[in-house]
Amino acid sequence: MLLYHGSNTDIKVIDLAMCRPYKDFGKGFYLTVMKDQAELMAKRVARIYGGSPVLNVFEMDDSIIFSSDLCIKNLGDETSEEWARFIMNNRNRKYDDFSNLECNFDNKYDIVIGPIANDDMAVLFRQYENGLITFANMVNGMIYKKTTNQYSFHTEKAISFLQKVGV
């Protein structure tokens, strides 16, 4: 399986220490199977941080997803209550229940797979956090949003299954 990472730099070595915390699935290295999505992210990153868009291409054996060697959380292809709680917990700087299975602050999951919480969904998250809508209303509002996918790698063990195959 090919996975793409949009950036403003050619990533020769993945350094998890360089990854930012409080992302959808926790601090990790994020990729997608959708080339066009990664290209858009590369343009966005280059626009924000400077430089030129770079599409980093990695390969991973699909069977790894079913491996017992890794702890993998697959949140599916569609938004769900579980997905929404997981993202809200990982993005929340005040969340401190690290042992909860609905967060990945402690990198209990080597890899997490699921939809991206895009800007449209961020509006719904903010409305919920500000008490303007209920959790159920937020999740129902997400059902009609187009989703894209992401694979996040959180441990060196997981990273070791990625092989750089192009730029």
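D24 sits in the loop between strands β1 (2-7) and β2 (29-31). Helices (H or I, at least four residues) and strands (E, at least two) are DSSP runs, numbered from the N terminus. This is a predicted model: local features need pLDDT of at least 70, side-chain atom pairs count only at pLDDT 80 or more, and totals for chains, interfaces and linings use all residues. Residues are numbered from 1 along each chain as its sequence is written, and side-chain values use heavy atoms, with hydrogens and water left out.

Is D24 buried or exposed? D24 has a relative accessible area of 7%, so it counts as buried. Buried means under 20% relative accessible area, exposed over 50%, and partly exposed in between (1.4 Å probe, protein chains only).

Not counting residues up to four places away in sequence, D24 touches Y30, F86, I87, N90, R91, I116, A117 and Q150. Contact here means heavy atoms within 4.5 Å. The side chain of D24 also makes polar contacts with the side chains of R91 (2.6 Å) and Q150 (3.0 Å). A polar contact is a pair of N or O atoms within 3.5 Å; within protein, one must be able to donate a hydrogen and the other to accept it, and residues adjacent in sequence count only if both atoms are side-chain atoms.

Now the backbone. Most residues other than glycine have a negative phi. Y22 has a positive value, and N107 has one too.

| Residue | Phi | Relative accessibility |
|---|---|---|
| Y22 | near 65° | 28%, partly exposed |
| N107 | near 55° | 29%, partly exposed |

Y22 is in the loop between β1 and β2. N107 lies in the loop between α2 (81-91) and β5 (111-115).
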